[in-house]
Every structure is written in structure tokens, then in C-alpha cells.
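Okay everyone, thanks for coming.

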Amino acid sequence: HYDPVVTDDTEINQAHSRLRDILEAGELKTLTQSDTILINGTAYRNLPALLHLFRPDRLTELFRHDPVTQIHGDLTIENLIADPTMPGGFYLIDPNTGNVLNSPYLDYSKLLQSLHGKYEFLQMVPNCEVSLGSVEFLFSYTTNYTQLYDFYDRWLAEHFTPEQVRSIYCHELIHWLRLMPYKLKKLGKHAAIYYAAFILVLND
């Protein structure tokens, strides 16, 4: 049973706080100053040109119809364990109960963070080169992920309305925003890898 969500402004306020953190981060200063960024030699619209997507009124309208129910809270590919002896052929590990909102859309978007943003593969990138308006890094992933993402994207379109799919994809953006301060603190200038991934997702 899903009850309609009462939008909590905390999530939206936190998103705007994290946007400020990103734009003001010294480690990313050479990347966040212009409306365009080069990622591995290809030009993309940069965060300053896309800030309108995070307008509070837009997010409130997008999220206010999200259902609420008990969720896993961190449903990434890493937390799905295949096991043919289990009902359904898998089980889940490492739930996170510390979310501001408990909407299943957060779990659907966590799968997007894995399949669309390829988060697990980013963790294996050893180095990146950052210069004014450009970031370059060697990034490879398996074709299985591409096939899984294509399947999952079609599944979302078949099971949800276009507005619900937009909400799920926007929650993926919020997930990237949530991890950026941690990556900046832990990785310093190498957080540019995750900023680049966020920009790629944002452009999509």
C-alpha cells in the first residue's frame, strides 16, 4: 500500500546546500566556472547551465506525488546478491534506514546510480587529469551493464508514467549530490571523476 508523500523540504534544502558545496569547492574550481565542460574530450553542458533543473518549485512539484513505503534505502547493484536457492533468485544486503524520505523511487534511482551512472566502475578509476574546464580519466565498464541499463530503462517506461520516470531519474541526481561532499572530503581533486559522472547523468 502506497500513501501519497507529503513533500519534505529538507531533501530539497539539502540538495541546494550540496550544489553550493560543489560550486564553491576549491578542488573543482577549474571545472565549475563555465557553462560547458570537456569530459574525456567531449563537450557537455556544465552545472552552471543546468541549475534551473534544481529550482525548489520544480523539485517540489516533481516529488510531491512520490509514494511512500518501507524501502531498502541503498539498492545499488553491489547490494543485490544473486542466489538461485533464494525465492526470486536473489537477496538484498546492507539496507540504509537513514533517508529523509521513504519512497520506492529512491531505490529505483539507486539502481540507476549503478546502471546509468556506473558508480561501481568509477570506484576503479585510478587517476584523472584536471585542467581548466576539462577532466580526463580512463573509464571502462562491461557491456553487461549497458544491456542491464537498457533493459531497466525500458522496464521503468513500461511500469511508470513519464512523470514518475522523471521523478525517479531526478532522485538519481539527488543521490549524486548526496555523495559529492563525501567524495570531495575523501578524494580531493580526484572527486572530479564523480563530478564528471554527475554531469553526464545530468546531461542525460
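Let me start with α8, whose buried residues are Ala 192, Ile 193, Tyr 194, Tyr 195, Ala 196, Ala 197, Phe 198, Ile 199, Val 201, Leu 202 and Asn 203. Before I go further, keep in mind that this is a predicted model. So, α8 runs over residues 192–203, and eleven of its twelve residues are buried, so to speak mostly covered, with burial meaning under 20% relative accessible area. From first C-alpha to last, α8 reaches 16 Å, close to the 16 Å expected at 1.5 Å a residue.

Now, where does that helix put its side chains? The largest nonpolar core has 41 residues, and Tyr 195 and Phe 198 are the ones with the most contacts inside it. Two or more residues each come from α1 (9–24), β2, α2 (47–50), α3 (56–63), α5, α7 and α8. Which element gives the most to this core? That's α8, with ten residues. If you click on Phe 198, you'll find it touching Ile 22, Leu 47, Phe 54, Leu 173, Trp 176 and Leu 177, leaving out residues up to four places away in sequence. There's another core apart from that one, of 15 residues, including Leu 75, Leu 115, Tyr 152 and Val 165.

Next up, α4, residues 104–115. Twelve of its twelve residues are buried, so α4 is largely enclosed by the rest of the structure. Among them are Asp 107, Lys 110 and Gln 113. And what covers the buried residues of α4? The cover includes β4 (67–68), β5 (80–82), α5 (119–122), α6 (143–159) and α7 (162–187). As for its span, α4 reaches 17 Å between its first and last C-alpha, close to the 16 Å expected.

β2, residues 36–39, pairs with β3 in the antiparallel sense over four bridges, and Ile 39 has Thr 42 as its bridge partner in β3.

Last thing, cysteines. A search of the whole structure finds zero disulfides. Cys 128 counts as buried at 6% relative accessibility, and Cys 170 is buried too, at 5%.

Okay, over to you.

Terms used. Residues numbered from 1 in each chain as written. Predicted model: local features only at pLDDT ≥ 70, side-chain atom pairs only at ≥ 80, totals over all residues. Heavy atoms only, no water. Pairing = 2+ DSSP bridges. Expected span 1.5 Å × (residues − 1). Buried < 20%, exposed > 50% of the residue type's maximum accessible area, 1.4 Å probe, protein only. Contact = heavy atoms within 4.5 Å. Disulfide = S-S within 2.5 Å. Core = buried A, V, L, I, M, F, W, Y, C linked by side-chain atoms within 4.5 Å.
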